[in-house]
Each structure stands twice: as C-alpha cells, then as structure tokens.
Amino acid sequence: MELYESNENFHFTQQSLENVVDLLLAENRPYDALNLVKKDVVEANRKMFYSCLMKLLIGLIEVGDHKAVMETLEIVPKSSLIQPGLMTNKLLGAYADRGNVEQLNEVNLYLVTNDLVQSEKLENLLALVDVYLAKDDLSGALLEIKRIAKVNKKMPRKFQLTCRLIEENNSVAVEELLDASTELYGEETSIYDLAHCFLALGKKDQAKNLLETPGLRCDNMKLVYILDQLVAKNQTAYAEALIGITRRMHGGDRNMLYIKLVNLFSGDPDKVEDI
C-alpha cells in the first residue's frame, strides 16, 4: 500500500484490487477500501470486478452507512464493472438481514434501473421478501410476494411464508397466498405445495384432506420432492406419513416413494418389513 500511495502511476490488477479490498474489509476498514476504489477505478478510469464492488458495499452496510452505498453506486461508472450481476443477491441480503425495507427498495430500484441485477433470477428476489420476514411482518411479506408473482412470475419464500402463516392460524392469509400461487402455478402444484407445508409442521390431517381433493392427479415427481425435503430436514415420521396419506391416490407409480422409504430405514429391518 505504501508503494501504491507514493506512486501515482502504479495501479492494481482487477484481482489484486479485490484482494486488497478483502484485506481492508477483514480489518474493518471499509472507508480505506472505498478510497482505494475511488483512486484506482473512478479517478484513474480503470475497471474492477463487480464482485469487488459488492463486497465494498456490503462492508459499508455493515457499518450502517447506506448513504455511502448509494453515493458509491453513483460514482462508479457502469462501464468499469466486469461481470456485473455476481453477488448482487448477497448485497440485497445484507439489507434484508437488517430488516430495512426502505433502504433495500432504494438500492434494488437503482440496480434494476441501471441493469445491474437480473430480476428474473429467484436468488435476486429472495431478499425482497426476507426483509419482511426478518422483522416478522408477515402481512408485508404477503403483499410483496404477490407483487413479485405478478411482475416477475415467481414466488420467493412461498414455503417459508406459508408455514409462518399456518403457525399463526391465519387461514385468510394462507388462502390469499394459495390463490396467488394457483394463478401463477396452477391448482395442482399449489395444492401439493400447501400439503407439504402442513406436513412439515406435523399437521397430517390437513395435508391428507388436501391430497384427497377430488380429481387431484398423483404427481410422482412432486411427491418424491416432498419426501426428499422432509427427509433432508430429518422429519422422517412425516415422510413416512406421506406414504400412508397418498396410499389411496389414483394413477402414477408410487414405487419410488417406497424405495426411498426403504432406503431411509435400511438400518431397521422391522421397520422395512412394515413398509
């Protein structure tokens, strides 16, 4: 750094610049990192990795300086950014973790307006709902996920929000979310997704009622997905319950469910025999 500061003709390569920014942020020196970027990129009209900019901005968020974040976005030329889009989700996530809706929306609007975020990617939409979940504002999360469904044709955190609403016994909001899901994904997929939520919460009777909806087709891929998710979260009792709940469903080949369940209980011969 001393050589750099004493030699106006010296400049970092893009990778070296990111490495130095990483070191400064690790030492909790975001403003030194900011000054470095201003000198080596903005004033010298040189390029930098987009990921380096995102790391710098996250460092500024961590010290609570949203103003500096917006000012930095304004002064760094878009043309100087290499591989724009990388780590945008982490920047938005840093705001979501703090539950600051206004600041998140401001930075997201700037990124969208300047084509610096790929809004069609689910990973870049998660924070827009997470920011409400972080402060237990389920009504706000519901409104936001419905907005995203209309604009971006996706429903980030639908599973998490549905489970939270079920836990709060907010049947009206659950129905509202189900309607939005049905409009976007169709009735069948939405019923399976809601049944998954009930099962994950141990509410087997409600899941059973949904999966016994007249005319509901047996979707093997959806059932396997639900089973895998329950197993991944060590909810083996609910995974086993899924087999019993769907036993009377017509159509499809449920052998894969049984095979997965047998593999799950391979260390328990008595359980395997019962299956």
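This is a predicted model: local features need pLDDT of at least 70, side-chain atom pairs count only at pLDDT 80 or more; totals for chains, interfaces and linings use all residues.

User: What share of the contacts with a separation of 6 or more comes from residues 24 or more positions apart?

Analyst: Such residues account for 64% of those contacts. Thr189 and Leu138 are 51 residues apart in sequence, and their C-alpha atoms are 23 Å apart. Thr189 lies in helix H12 and is partly exposed, with a relative accessible area of 27%.

User: How many positive and negative charges does the chain have, and how far apart are their mean positions?

Analyst: The chain has 31 positive and 42 negative charges, and their mean positions are 3 Å apart.

User: Which residues have the most contacts inside the largest nonpolar core?

Analyst: The general idea is that nonpolar side chains tend to be buried together in soluble globular proteins. Here the largest nonpolar core has 88 residues, and those with the most contacts inside it are Met48, Leu73, Leu91, Val107 and Leu161. Helix H4 (residues 50–62) gives the largest share of this core, nine residues. For Leu161, leaving out residues up to four places away in sequence, the residues touched are Leu133, Leu138, Ala141, Leu142, Ile145 and Leu177.

User: Which residues of H10 are buried, and what do they pack against?

Analyst: For a helix, the general idea is that an α-helix has 3.6 residues a turn, so residues three or four places apart point the same way. In H10 the buried residues are Lys158, Leu161, Thr162, Cys163, Leu165 and Ile166. The buried residues of H10 pack against helix H8 (126–133), helix H9 (138–152), H11 and helix H12 (187–200).

User: What follows H10, and is that residue, Asn169, buried or exposed?

Analyst: H10 is followed by Asn169, which has a positive phi near 55°. Asn169 is found in the loop between helix H10 (158–167) and helix H11 (171–185). Exposed means over 50% relative accessible area, and Asn169, at 64%, therefore counts as exposed.

User: Where is Met87 found, and what is its phi?

Analyst: Met87 is in the loop between strand E2 (81–82) and helix H6 (88–97). Its phi is near 75°, a positive value in a residue other than glycine. Met87 is partly exposed, with a relative accessible area of 21%.

User: Is Asn152 buried or exposed, and which residues is it in contact with beyond its neighbours within four places in sequence?

Analyst: Buried means under 20% relative accessible area; at 18%, Asn152 therefore counts as buried. Asn152 is found in helix H9. Apart from neighbours within four places in sequence, Asn152 is in contact with Ser119 and Leu125.

Methods
Residues are numbered from 1 along each chain as its sequence is written. Side-chain values use heavy atoms; hydrogens and water are left out. Contact means heavy atoms within 4.5 Å. Lys and Arg count as positive and Asp and Glu as negative; His and the chain ends are not counted. The place of a charge is taken as NZ of Lys, CZ of Arg, CG of Asp or CD of Glu. A nonpolar core is a set of buried Ala, Val, Leu, Ile, Met, Phe, Trp, Tyr and Cys residues joined through side-chain atoms within 4.5 Å. Buried means under 20% relative accessible area, exposed over 50%, partly exposed in between (1.4 Å probe, protein chains only). Helices (H or I, at least four residues) and strands (E, at least two) are DSSP runs, numbered from the N terminus.
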